[in-house]
Amino acid sequence: MNAHDGFRRGAPTFACSNCGRLTRKTNNTAGSCCPECDEAAMVENGISDCDLQGEDLERAEAKIAELHKRAVAKGGVIAGVSA
Ligand SMILES: [Zn+2]
């Protein structure tokens, strides 16, 4: 193991708490999720925070589905979602 190869330095990998995919901590992900699940969670929060309805709600849910699909396509496992 070469400590200077840079692969692990400063950016440990961890399993996304939503899809289980091994991902790397970035400045964009605050929590314990991969970027896709993190963004999906943010959209999900927006639904309740903004009390989205009708077309806005449909758009938000489509966005979440798309992000989850993308996470699954990258190796994640989410119940009910296939890539
Ligand atoms: Zn994920």
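I take helices (H or I, at least four residues) and strands (E, at least two) as DSSP runs, numbered from the N terminus. With that settled, I counted two helices and two strands in the protein chain of this model, which is predicted.

Next I looked up the order of the elements, and read from the N terminus on they run β-β-α-α.

I then turned to confidence, and noted that the mean pLDDT of the protein chain is 86, with 80% of its residues reaching 70 or more. Among the elements, I found the lowest mean pLDDT (86) in strand β2, residues 22–24, and the highest (97) in α2.

How do the axes of helix α1 and helix α2 cross? I looked up helix α1 (residues 35–49) and helix α2 (residues 54–73), and their axes come within 8 Å and cross at roughly 165 degrees. Angles over 145 degrees count as roughly antiparallel, and α1 and α2 are therefore roughly antiparallel to each other. I also recorded the crossing of α1 and α2 as left-handed.

For the residues that make this contact, I listed E36, C37, E39, A40, V43, E44, G46 and I47 on α1, and L57, A60, K63, I64, L67, H68, R70 and A71 on α2. Sorting the contact of α1 with α2 by class, I found nine nonpolar, two polar and five charged residues.

Last, I went back to the protein chain as a whole, where buried residues make up 20% of the 83 residues. Of the contacts between residues at least 6 apart in sequence, I noted that 33% join residues at least 24 apart.

Methods
Residues numbered from 1 in each chain as written. Predicted model: local features only at pLDDT ≥ 70, side-chain atom pairs only at ≥ 80, totals over all residues. Axes fitted to C-alpha atoms, helices over the stretch in contact; angles between N-to-C directions. Parallel < 35°, antiparallel > 145°, perpendicular 65-115°, else oblique. Left-handed = near helix turned anticlockwise from the far one by under 90°. Contact = placed C-beta atoms within 7 Å. Nonpolar A, V, L, I, M, F, W, Y, C, P; charged D, E, K, R; others polar. pLDDT = per-residue confidence, 0-100. Buried ≥ 20, exposed ≤ 12 C-beta atoms within 10 Å, placed from the backbone.
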